[in-house]
Amino acid sequence: MKYKMEKPIQGSIGTAKYQCHIEWRNGTIISDEPVSSGGQDTGPDPFTLLLSSLASCTLITLRMYIDRKGWDIPSIIVNTNLYQETKDEKLVTIMDRDILFTTPVPDEQKQRLQEIAKACPVSKILEADIKVRTFVFRDGDSKQVKYANEEATVLWKPELCQHSTRCWTQLPLVFNPRIKKWINPDGAPADRIDQQVKVCPSGALEFYYNKDKKTNHE
Ligand code: SF4
């Protein structure tokens with residue numbers, strides 16, 4: 001199992017209604033609610049972000065395909081919107097995507113591009129089985145268990161560990177919950193372990209090179 005994102009998308013909110021800071025790999029996006037819902041409308045609301053994801057994925061996928069084919073289609077517009085209705089006591093969401101070409105495009109190309117749009121990665125996610133797993137974490141000090149070799153040390157704080165499975169599904173040669181001494185620092189190069197520790201979402205893991213720790217204490 002490998003996450004799509006090297007670093008998770010991190011959102012945070014304070015007490016200001018309802019501005020959220022969404023950190024992505026190269027910057028920050030502000031998300032908010034419209035004034036009618038009690039926000040300040042300083043950024044797109046969550047539904048808008050979801051629809052933007054479908055629009056941009058469609059556009060990028062179409063552009064890649066058109067360029068590969070060498071077709072003369074200089075610009076594409078995609079409109080996305082959604083509505084929801086309850087059917088048999090189940091909430092059903094319908095998303096509509098309209099693709100517009102600003103110059104004439106032959107019918108067979110339009111038909112092919114409609115199929116390509118349906119197969120864009122975000123469409124596939126939205127139309128497949130999706131599960132959202134939710135873990136709750138907290139900050140704070142707790143007892144630590146140390147796993148070290150000559151080069152490096154991994155600290156594990158059991159009270160913070162929320163068994164998200166990330167470490168042992170992504171680096172099973174180091175993290176193996178089936179055995180008592182469950183972290184083996186000899187199982188992978190130190191920099192790979194460091195990288196894995198960084199994606200522990202709960203703060204239950206810490207990594208350091210032993211030489212750095214010595215230096216810090218000198
Ligand atoms: S990634 Fe962190 S929270 Fe998840 S199981 Fe490993 S130590 Fe626990």
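User: What makes a residue count as one of those around the ligand in this model?

Analyst: In this predicted model, the residues around the ligand are Cys161, Gln162, His163, Ser164, Thr165, Arg166, Cys167, Cys200, Ser202, Ala204 and Leu205. They are listed because the C-beta atom of each, placed from the backbone, lies within 6 Å of the ligand.

User: How do you know that domain 1 touches domain 2?

Analyst: The domain assignment gives domain 1 as 7-44 and domain 2 as 45-132. Contact requires C-beta atoms within 7 Å, and five residues of domain 1 therefore meet this cut-off with five residues of domain 2. On the side of domain 1 that touches domain 2, two residues are nonpolar, one is polar and two are charged. The centres of domain 1 and domain 2, taken over C-alpha atoms, are 24 Å apart.

User: Why are S6 and S8 called edge strands?

Analyst: The open sheet has the order S6-S7-S8, with antiparallel pairing. Strand S6 (145-148) and strand S8 (205-209) each pair on one side only.

User: How do you know that S7 and S8 pair?

Analyst: Pairing requires at least two bridges, and S7 (residues 152-156) and S8 have five bridges in the antiparallel sense, so S7 and S8 pair. Thr153 stands opposite Tyr208 in S8.

User: Which helix lies across S7 and S8?

Analyst: Helix H5 (residues 190-198) does, running at about 150° to S8.

Conventions. Residues numbered from 1 in each chain as written. Predicted model: local features only at pLDDT ≥ 70, side-chain atom pairs only at ≥ 80, totals over all residues. Domains from an automatic or database assignment. Contact = placed C-beta atoms within 7 Å. Nonpolar A, V, L, I, M, F, W, Y, C, P; charged D, E, K, R; others polar. Helix = DSSP H or I, 4+ residues; strand = E, 2+ residues; numbered from the N terminus. Axes fitted to C-alpha atoms, helices over the stretch in contact; angles between N-to-C directions.
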